[in-house]
Amino acid sequence: MRTPLVKISLTPRTSEFYDLFGQAGENALVVAQLVERRFREYPNSGVTQEDVKAAETHGDTITRDLIRLLNTQYLTPFDREDIFMLATEIDDVVDYLEEASDLLGLYGVELPTRHAVEQCRVIVSACERLSTALRGLKGQRGLQQVLIELKAFEDEGDRILRDALASLFRDGRIDPLVVIRWKDIYEALERALDACETAANVITNIVVKNA
């Protein structure tokens, strides 16, 4: 079986990279907002898991478009490795959020915890900064403060996670299965926030390399 050839274009299409990264950031923010509302209102939320999944699937499409564009372009606006890593980290943000939301139903959670709602709030704030940074990627101006704020949210998320896990293990009356379920959910949310920080680090590297 012959492997299909990938046609490499010599015509610069750099603006499409910036457009797609802007779309990816906007979609990550939409998913974060949906998940935050789902947790906050659960179990009677106006946001369903199907809503979250649909937005996650849209994010997958944007990621595929970015990778396809990367694989067919000879000229790119910045390092190919940075483009690939940034695209995959944004995709990870969305995937981990969708996973955390899915676990609510899968684990038969009755009510959300205060810590989970706080985690979701922080993730929305981080995704707001991430989306702003991605929209400003082309001009690469005014990004420093946005990225500093984004990274600060990761520290806040770490504190919330520590408090959440401590509360689970501090009370011996809590069913061990409940402990396991919430630990999984907390850690999925934390991975989403970690991916936001990693994406911010990639953007920082891009700005430094292209200064």
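Is D82 buried or exposed? Select D82 to start: its relative accessibility is 8%, so D82 counts as buried (buried is under 20% relative accessible area, exposed over 50%, partly exposed in between; 1.4 Å probe, protein chains only).

Before moving on, note that this is a predicted model, in which local features need pLDDT of at least 70, side-chain atom pairs count only at pLDDT 80 or more, and totals for chains, interfaces and linings use all residues. Residues are numbered from 1 along each chain as its sequence is written, and side-chain values use heavy atoms, leaving out hydrogens and water.

K209 sits in helix α6 (residues 176-209) and D82 in helix α3 (residues 80-106), 127 residues apart; helices are DSSP runs of H or I, at least four residues, numbered from the N terminus. The whole structure has 14 salt bridges.

Next, select R121 and E156, with closest N and O atoms 3.1 Å apart in their salt bridge. Because R121 lies in helix α4 (residues 114-135) and E156 in helix α5 (residues 143-170), the pair ties together parts 35 residues apart in sequence.

The search finds 0 disulfides (pairs of cysteine sulfur atoms within 2.5 Å). The sulfur of C127 is 3.8 Å from the closest cysteine sulfur, in C196, too far for a bond. C127 is buried, at 1% relative accessibility.

How values were computed:
A salt bridge is a side-chain nitrogen of Lys or Arg within 4 Å of a carboxyl oxygen of Asp or Glu. Helices (H or I, at least four residues) and strands (E, at least two) are DSSP runs, numbered from the N terminus.
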